[in-house]
Structures are given as C-alpha cells and as structure tokens.
Amino acid sequence: MIIYDKKQHIFQLNTKSTSYMIGITPEGYLGHIYYGERLQHIDGGYLLRMEEYPYTPERNKREKCVFLESFPMELPTGGIGDFRESCLDIRDEHGCLGTEILYKEHRIYSGKTPLEGLPASFVTASQMDTEDAGTAVQTLELICQDRVLGVEVVLSYTAFEREDVITRSVRVHNRGEQTLTIEKIYSACLDMDYEEDYELLTLPGAWARERRIQRRRIGYGRQSAASIRGESGHQEHPFIALVTPGTTQTQGDVYAMHFVYSGNFLGQVEVSQHDMIRMTMGIHSYEFGWKLTPGQSFQAPEVVLTYSSEGLGKMTRSLHDFYREHLIRSRYKNTERPILINNWEATYFDFTTEKLLDIAQTAKDCGIELFVMDDGWFGRRNNDESSLGDWYVNEAKLTGGLKYLVDSINKIGLKFGIWFEPEMISPDSDLFRAHPDWMIQIPGREPTLSRAQGVLDLSNPEVEEYAYESVARILRSAPIMYVKWDMNRQLSDLGSAYLSKEHGRELLRYVLAVYRMQERLIKEFPDLLLENCSGGGGRFDPGMLYYSPQIWCSDDTDAVERLGIQEGTALIYPLSTIGAHVSVCPNHTVGRNTPFVTRGHVALAGTFGYELDVTKLSEEEKALIREQTEMYHTYQLLIRNGDYYRLASYAENHYYDAYMVVSKDQKEALMTFVQVLAEPNRRSRKVHLQGLDPEAVYYCDVTQREYTGEILMKGGMLIGDLWGDAVSRLYHFEKR
Ligand code: DGJ
C-alpha cells in the first residue's frame with residue numbers, strides 16, 4: 001500500500017480507490033505531487049515543476065524565495081520566504097521566528113501508533129489479522145529536521161485501504177539546546193493546482209441550527225472555517241471540503257479534511273499568485289503558544305483526509321465506515337443502544353422524585369428502556385443561575401436521595417442515566433466561594449459570564465481531579481449506566497491563576513484535561529454509555545467520538561428543523577452517533593406542530609429516544625410510542641451498520657426530504673421520505689434509490705410489489721398520496 005520508489009524519491013500511498021504521492025527534492029524539501037484517483041504506476045515527479053524559474057531572468061539560477069513561493073509543500077514552514085499560510089512556526093530563544101524542515105529518513109510499517117494524550121484513529125489487533133482482505137492499514141513516517149533550531153519533525157501518514165482514508169499528524173521533538181516556542185502547528189496541508197473553479201463546502205451554524213451545508217466559490221486569498229471559542233462550536237465545524245463545480249451526491253471531485261480535535265481550529269483554503277491552492281487544517285494559532293524545552297516533544301492532533309471522484313455520497317460513506325471501524329471505541333458501538341427518555345424538555349428544572357418515577361413508569365409501559373435525569377438534580381439548582389461545581393444531590397428535590405431514585409427506576413424496569421456539566425463553575429456555588437481562583441478569568445477584569453457561569457481552569461491538576469471525582473463519586477454511588485456530559489458555554493477571559501506567564505497561551509491543556517477525564521471515566525466504568533453534548537450540538541466532533549459513541553446533535557428537536565441539521569451532520573458522521581429524540585408539540589424551540597409519526601421517523605435516523613412528559617400524552621400517542629419502539633428494534637441494526645445515501649434535500653428543494661440506508665450485503669434497505677410542504681395538483685414525486693443490487697428483485701412493504709434494484713435506481717420510485725405538511729413514510733425493501 002505504501003511504496004517508496006528510491007530512484008525517483010517518491011512515496012506513494014494507495015487506498016482502494018485513491019493514491020497520494022510525495023516527492024523529495026535534492027535539497028530535502030518534501031513536495032506534494034498528487035492526491036486523487038488510484039494510480040497503477042509510480043510516476044509524476046515532474047509535477048513538482050523543479051525545472052521552472054518564474055521571475056528569475058537568469059535561467060540557471062534557482063532562487064530560493066521564488067522556489068518557496070510556488071513549491072507544493074507537504075508541510076510548509078513559516079518565516080523563511082513562503083508567504084502563503086504556514087503550518088509550522090517555531091520561535092527560538094532570541095525571539096526569531098523561522099523554521100525550515102528537510103527530509104532525513106523515513107519509516108514504513110503496518111498498523112498505526114497511538115497519539116499520546118489525544119483522540120485518534122486506531123487499528124485493532126483483530127483488524128490487523130484480517131489485513132489481506134483489502135483492509136490493510138499502513139503508516140509512513142517522514143522524519144525531517146531543522147538543523148538550526150535542533151528540532152526533529154515527524155510527519156505521519158496512515159493509509160486505511162478499505163475506507164479510502166489517509167490520516168495525517170505532526171510531532172515536533174526539541175533535540176537541541178534551547179527552549180523553543182511553537183507558535184503555530186497545523187496537522188495537514190494539501191497544495192494543489194487551482195485547475196478548477198473549486199467550491200468550499202463547510203458546515204456553519206448556530207445554537208439550535210447546527211451544521212447547515214454551505215457551498216461557496218473560492219477565489220484568490222484566504223477563506224476558512226474556524227473556532228476560537230475553546231471548543232469546536234455550533235458556529236463552525238472542523239471540517240472543510242473542496243468540491244468541483246456541479247458536484248452532486250454521485251458526481252464530482254471531493255477533497256475533504258476533518259479534524260480529530262475538540263478545541264480551537266482552523267480549516268482554510270488559500271489561492272495564491274501562482275494559481276495554487278493551499279488547503280490546511282490544524283489547531284488555530286489564536287492564543288496558541290507551546291514552550292518546548294530541550295528533550296520535550298509536542299504531538300499535534302490528527303486530520304482525516306478523504307478523496308472521492310464520485311461525489312459527496314462516496315465521501316460520506318468512506319467517513320461513516322472509517323469512524324465506525326477506526327475511531328469509535330465504545331462497546332456500545334456494536335450493540336443495540338437502549339431507547340432513552342430524557343426529562344429535560346419534560347420538566348426542565350422543576351421535578352421531584354415522584355414526578356420522575358411517574359415519567360419512568362409510563363415510559364416503561366411504552367417500551368422505553370433507559371431513564372435519563374437531566375440538569376437540576378444537584379446543589380440548589382432550580383434554574384440555570386447557580387450550583388455548577390456543587391455535585392451533591394439536592395435532597396429537597398430528590399427525596400430519598402439518588403440511590404433510592406436509581407433503585408426505584410431499576411425496579412420499574414428501566415436503566416438509569418444522569419447529566420453532568422463537569423467543566424463548569426457557577427459564581428453562585430459553594431465551589432466558587434471556596435476556590436474563586438479555580439475559574440478561568442483575567443485578574444482585575446470582570447469575567448464575562450455566559451448562562452450565568454464560568455469555566456473551570458482545568459490546566460490546574462487539582463481542579464481536574466476535583467472535576468473528575470465529582471462525576472466518578474456519583475457513578476460509584478449507584479448503578480448508573482449512562483452519562484450525558486454537557487458544556488453550556490464557550491471559553492473567554494483566558495487567564496489562569498495556575499499557569500505561569502510562559503505557559504499562558506497553552507489553552508490546549510484545557511482540551512487535553514477534558515480528554516484525560518473522559519478517558520479515565522470510560523476506563524473506570526467500562527459499561528458506561530457516554531453521550532457528549534454542548535448546549536445542543538456545539539461539541540459534535542471526531543475528538544469527542546473517540547470517547548462517546550453518540551453525541552447530542554442539537555437542542556432543536558423539531559422534526560422539520562432536524563431534517564436540515566441531521567442532513568449536515570450525517571454528511572460526515574454515521575447515523576449511530578447522532579443523538580435524536582421525539583419531543584412534544586408545539587415544539588419548544590420553534591412552536592411548530594408536526595405529526596407524532598414524523599417525529600419518530602426523523603429521530604430513527606439517529607440514536608432514537610424521547611424527551612417529553614409521557615404522563616401528559618393521550619392514549620393514542622402512547623400507543624404510537626409503543627409502535628415506534630418496536631420500529632426501532634426492527635431497524636436499529638440496519639441503521640447502525642448500513643450505508644447511508646442522501647436522495648433528496650429539503651434544504652435544497654424546499655418541499656421534501658429523502659434518504660436511505662442499505663445493508664452492507666444489499667439484502668435490505670430502508671428509505672425515509674418526508675413531505676415537508678404539501679403542494680396541490682402535483683403528480684407523484686420520483687426518487688431515485690441508490691446502493692441497491694441492480695440484479696436483485698426487492699419487495700417493498702408499502703406498495704406490496706416487487707421491483708428490480710436496477711429500475712428503482714435508474715427509473716426511480718414513485719411517491720404519491722401523502723396528504724398534509726410534515727408527513728412522512730418509511731419504505732422497507734427486502735431482497736427476494
Ligand atoms: C443543553 C443540552 O443540550 C440540553 O439537552 C440540556 O441538557 C441543557 N443543556 C441542560 O442545561
């Protein structure tokens with residue numbers, strides 16, 4: 001899979017349908033030759049344009065600055081004459097910023113080395129054993145050095161054959177005598193020719209409007225997606241893709257980068273003077289600075305790259321497979337997730353033991369399996385203005401205590417889950433009164449609160465220990481099988497009473513502490529089902545997926561709004577990761593009424609659960625829940641493991657939405673169709689199915705007739721007789 005051609009000094013990394021090529025110049029610069037459709041031969045060193053001399057009148061003279069401004073670098077460094085975006089900037093002891101890395105040697109090996117302290121993709125021993133079935137995973141490490149700084153820089157590439165993914169990361173070792181500061185380190189770069197009018201696809205959003213698909217034409221200069229909020233955020237997503245004009249689900253070139261990290265990031269494309277595109281991704285350099293004393297090293301997080309010559313759908317399925325196989329570790333990844341009911345939209349802060357038990361009993365009667373107690377069970381928290389940090393049970397509300405509640409819920413026949421927001425501190429809390437210096441803030445400045453709360457300074461190990469123990473102590477006290485880990489504000493006022501001046505820009509320590517805490521949690525409680533969350537879907541990123549197999553997708557549970565949010569999320573994340581619940585109408589975020597059936601169908605394209613006061617539902621609605629829980633059991637395996645195809649987008653056509661999941665063996669498929677807005681005097685709509693076996697005959701449960709896979713895909717399926725707005729239908733196809 002990974003080949004080194006000694007004569008041409010070219011590395012070629014092959015996956016099932018892609019190839020990636022790197023060349024070494026005589027001086028030792030690492031140049032990017034090619035990324036695209038799979039190649040059968042190693043050739044193409046000439047694409048580095050080593051013989052061209054733009055601007056230099058003397059044709060024999062190869063001037064360095066001209067070279068640096070136009071050479072396609074694998075990892076461009078800053079300060080020495082390449083004025084495009086750099087990926088590595090190191091400042092020396094004298095205050096000079098200049099880095100230049102040249103190839104020294106390389107290593108190629110099977111498998112992949114973990115990234116210390118960071119979430120990252122992996123290969124399990126059993127996956128390695130079955131390698132010859134086209135599932136090989138190999139790593140290339142290019143070891144480079146900057147002799148002046150005395151640093152060694154390792155560029156790591158891992159090729160995942162079956163999933164058509166290449167991951168990249170960078171490690172810097174200080175092997176010299178001086179203390180250095182890394183001022184910028186991005187993990188991946190793709191320098192390509194600006195041959196097409198590429199569009200940049202990003203996933204911007206807002207609270208309750210997360211991950212809307214946006215495409216814009218790029219031009220000269222820099223255009224980006226970024227977060228400086230201390231988390232990945234609702235507003236931008238650590239994902240960018242370059243697509244050729246007219247790219248659809250099935251056609252067009254797609255180059256995608258996705259960051260396995262949960263803090264500040266930058267994903268950027270820059271079109272430069274010589275018609276080149278530089279696509280980069282890494283930790284944002286805002287408030288970033290990392291001291292590296294002699295002997296120390298720094299590991300940058302990983303970027304997932306994928307290329308598709310068959311449009312967005314192929315990219316989606318490569319990423320879904322990759323995350324399911326190589327990033328999510330939880331034992332729940334391959335088991336049926338319990339259908340949960342969460343009391344947030346049912347009660348908000350206003351609940352008692354009695355009320356929760358009532359909900360649990362009715363939920364049990366409807367076929368629900370897990371009860372989750374959300375915010376408001378601790379300290380004096382009767383609204384969102386106090387008590388974060390005081391993680392002891394409010395027995396005035398929960399009479400009998402937590403253990404009594406959990407035992408009673410277990411007796412009803414449901415498992416128990418609980419909500420935490422471990423990274424936070426309310427100024428109105430016993431914790432703050434005892435440790436005001438544990439909150440992130442700038443000395444002498446009134447801290448900016450958000451939702452009346454501050455953030456704990458997790459760079460301080462004592463604070464980290466307190467936060468971890470707060471959660472673990474509660475989990476040790478009762479049989480709790482699920483935790484929702486929330487984060488309801490972003491980071492500002494970046495001052496730490498703990499960190500010294502030289503380490504003041506090491507915000508990364510915060511993110512590393514969150515990772516450490518979640519790692520400890522899932523190790524200490526191996527049966528725990530962890531769901532990450534951040535004020536809805538503000539920390540839905542691959543870094544978090546490494547710890548939790550599911551993430552709360554959005555606080556907007558309206559079925560129509562969810563179509564767009566889940567479309568954007570499912571573009572890059574498997575359905576099994578998308579936290580989705582049926583809630584009450586009128587919907588609490590938009591006031592819209594949608595049929596109960598539609599809410600169930602939309603939530604089915606996710607982890608599936610409920611978030612409403614079931615005790616207030618009519619008998620008819622409760623009967624619908626019973627039907628829906630049955631529906632979930634019937635289809636959950638297909639939805640969790642199948643291939644996802646987007647057939648029509650309500651966000652684009654404004655009338656209807658359609659998507660389907662096909663089992664890996666193509667024996668069954670489930671299509672969801674939602675008529676969002678009805679139109680009068682309209683013939684049936686035609687939807688072209690995808691992913692079926694063209695030679696097979698499928699039986700459809702709705703029309704009760706048989707079709708060839710070929711006609712369903714080429715001719716299309718007709719969808720008629722839906723009446724009203726926001727009505728939906730599931731079509732199940734089974735191979736005869
Ligand atoms: C934000 C989450 O997204 C909600 O589901 C809920 O848990 C609230 N926080 C509680 O404060």
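## Ser19 in strand β3

S19 is found in strand β3, which spans residues 18-24; strands here are DSSP runs of E with at least two residues, helices are runs of H or I with at least four, and both are numbered from the N terminus. The model is predicted, so local features need pLDDT of at least 70 and side-chain atom pairs count only at pLDDT 80 or more, while totals for chains, interfaces and linings use all residues. Residues are numbered from 1 along each chain as its sequence is written, and side-chain values use heavy atoms, with hydrogens and water left out.

S19 counts as buried because its relative accessibility is 0%. Buried means under 20% relative accessible area, exposed means over 50%, and partly exposed lies in between, with a 1.4 Å probe and protein chains only. The side chain of S19 makes a polar contact of 2.6 Å with the side chain of N14. A polar contact is a pair of N or O atoms within 3.5 Å; within protein, one must be able to donate a hydrogen and the other to accept it, and residues adjacent in sequence count only if both atoms are side-chain atoms. Leaving aside residues up to four places away in sequence, S19 touches Q12, L13, N14, Y34, Y35, G36, E37, R38 and L39, where contact means heavy atoms within 4.5 Å.

## The ligand site

The ligand has 13 residues around it, and D374, D375, K484, D486 and D555 come nearest. A residue is near a molecule if one of its heavy atoms lies within 4 Å of it. The shell divides into four nonpolar, three polar and six charged residues. In this grouping Ala, Val, Leu, Ile, Met, Phe, Trp, Tyr, Cys and Pro are nonpolar, Asp, Glu, Lys and Arg are charged, and the others, Gly among them, are polar.

A polar side-chain atom of D375 lies 2.7 Å from an oxygen atom of the ligand, and a polar side-chain atom of K484 also lies 2.7 Å from a ligand oxygen. In N488, a side-chain N or O atom is 3.3 Å from a nitrogen atom of the ligand. The ligand taken alone exposes 290 Å², of which the protein buries 98%; accessible areas come from the Shrake-Rupley method with a 1.4 Å probe.

## Cysteines

The disulfide count is zero, a disulfide being a pair of cysteine sulfur atoms within 2.5 Å. C87 is buried at 0% relative accessible area, and its sulfur is too far for a bond because the closest cysteine sulfur, in C189, is 4.5 Å away. C96 is partly exposed at 46%; its closest cysteine sulfur, in C65, is 19 Å away, so a bond is ruled out by distance.

Most residues other than glycine have a negative phi, and most peptide bonds are trans. The bond joining C585 and P586 is cis, with omega about -5 degrees, and P586 lies in the loop between β30 (581-583) and α12 (596-604).

E287 has a positive phi of about 55 degrees. E287 sits in the loop between β17 (276-283) and β18 (290-292) and is partly exposed at 26%. Phi of A452 is near 60 degrees; A452 is in the loop between α7 (430-434) and β25 (454-455) and is partly exposed at 27%.

## Thr607

T607 is found in the loop between α12 and β31 (609-611) and is buried, with a relative accessible area of 6%. T607 and G579 are 28 residues apart in sequence but 5.1 Å apart in space, C-alpha to C-alpha. The side chain of T607 reaches the backbone nitrogen of A580 at 3.3 Å.
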